[in-house]
Amino acid sequence: MAEKVGIVGVGQVGAAAGFLLAGTPGVAEIVLVDLDRARAEGEAADIAHAAAFGHAPVVRAGGYAALAGAAVVVITAGVSLKPGQTRLDLLASNVAVVAKVIAEVVAHAPEAVLLFATNPVDVMPMVAARQFGVPPSRAIGTGCALDSARFRDRLARHLGIGPGAVHAHVLGEHGDSEVLVWSAAQVGGLPLLRFAEIIGQPIAPATMEEISRDVRRSAYRIKEGKGVSNYGIAGCIARLTKAIVNDEQVVFSISTPMESLLGVQETCVSLPHILGRRGASAPFLPPLDAAEEAALKHSAGIISEAASFALASLDHH
Ligand SMILES: NC(=O)c1ccc[n+]([C@@H]2O[C@H](COP(=O)([O-])OP(=O)(O)OC[C@H]3O[C@@H](n4cnc5c(N)ncnc54)[C@H](O)[C@@H]3O)[C@@H](O)[C@H]2O)c1
């Protein structure tokens, strides 16, 4: 059965996500919610006209009440990263915005899977779970699903193969402390570095560093060029939403609230999860080498601190 999907925050990211979702199988209706109602109305009409060239779900603007019965509500409301800012700088302003949004969404669509893209994207599911009682399976950050796609794309270009043939994940914070898991990366069941050697495209330590830096700096580089980053995250949102509405049970590196990880309490960082109609499974911790494990623990600590700061800032309101 095709489903209703809501998007709250119809700016650069929300509108691009809506545009892709209008062509996504399994989506019957898209409801766009924004403080700026005229903007939501304009985007809804524009997206509906594009969709009218193919398979056409209903696309409309609405208030929170229009989200009733939505399978997924994507949350992209907030301000975006300015050049030179880190995602954690955005914390205080966006947590206050997103807490207001969550309160409305859970009142009108209590069964929806909440998919957060607003930065800091790993803190928002913690706010949903700890402040509003949303189960961790339905409080999901897009997290490192996008970074993992960037990692696979970068490796694929080096190797001269399709990104779908590369199995590689980025774990941890969606941000500077993220962890590229080189030790478990594979192509065709072979360890990545061995495969690279066999096909004559070896990955020397300097190349590994260059690829890591490219992946980690992607968002900053995109913003230096065009001021915002929206299409990559929109592709990510559309892909994760497709997995949910079609109950695909596929594995993505996304973030859900966790009581503990590697001895860090109360955190929310990306790990592989199975994703389907009921939301995300419990996370899996893949085998890591010692340096990756230490880096993941460090990353989990950063989000744990940011989340406790965010929750305390809401208590003061
Ligand atoms: N997770 C990722 O990988 C990733 C990538 C890119 C951007 N982002 C994040 O996505 C968010 C949105 O970025 P953008 O470029 O679309 O920003 P934008 O400024 O273009 O759009 C934000 C929209 O949110 C709306 N909004 C603000 N407060 C609201 C509220 N209380 N209720 C409803 N709507 C509200 C605004 O009216 C605006 O239309 C930012 O936090 C940005 O950092 C995340």
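Predicted model: local features only at pLDDT ≥ 70, side-chain atom pairs only at ≥ 80, totals over all residues.

Me: Leaving aside its neighbours within four places in sequence, which residues is V31 in contact with?

Reply: Residues are numbered from 1 along each chain as its sequence is written, and side-chain values use heavy atoms, with hydrogens and water left out. V31 is found in strand β2 (residues 27-33), where strands are DSSP runs of E with at least two residues, helices are runs of H or I with at least four, and both are numbered from the N terminus. With contact meaning heavy atoms within 4.5 Å, the partners of V31 are K4, V5, G6, I7, R60, G62, A66 and L67.

Me: Is V31 buried or exposed?

Reply: Buried means under 20% relative accessible area, exposed over 50%, and partly exposed in between, using a 1.4 Å probe and protein chains only. The relative accessibility of V31 is 0%. V31 therefore counts as buried.

Me: How far apart in space are V31 and L67, C-alpha to C-alpha?

Reply: L67 is among the contacts of V31. The two residues are 36 residues apart in sequence. From C-alpha to C-alpha, the separation of V31 and L67 is 6.8 Å.

Me: How many disulfides does a search of the whole structure find?

Reply: A disulfide is a pair of cysteine sulfur atoms within 2.5 Å. The cysteine sulfur closest to that of C144 is in C236, and at 9.8 Å it is too far for a bond. C144 is buried at 0% relative accessibility, and C236 also counts as buried, at 8%. For the whole structure, the number of disulfides found is zero.

Me: Which peptide bond is cis, with omega near -5°?

Reply: Most peptide bonds are trans. In this model, look at the loop between β5 (113-116) and α4 (124-132), where P120 is found. The cis bond runs from N119 to P120.

Me: In which loop does D247 lie, with its phi near 50°?

Reply: Most residues other than glycine have a negative phi. D247 has a positive value, near 50°, and Q249 has one near 55°. D247 is partly exposed at 39% relative accessible area, and Q249 is partly exposed at 47%. Q249 is placed between α9 and β12, and D247 lies in the loop between α9 (231-245) and β12 (250-255).

Me: What separates the C-alpha atoms of G162 and R152?

Reply: G162 lies in the loop between α5 (145-159) and β7 (166-167), and its relative accessibility of 39% makes G162 partly exposed. G162 and R152 are ten residues apart along the chain. Their C-alpha atoms are separated by 8.9 Å.

Me: What share of the residues of the protein count as buried?

Reply: The C-alpha atoms fill a box of roughly 55 × 50 × 35 Å, taken along the principal axes. Of the contacts with a separation of 6 or more, 70% are between residues 24 or more positions apart. Among the 317 residues, the buried share is 52%.
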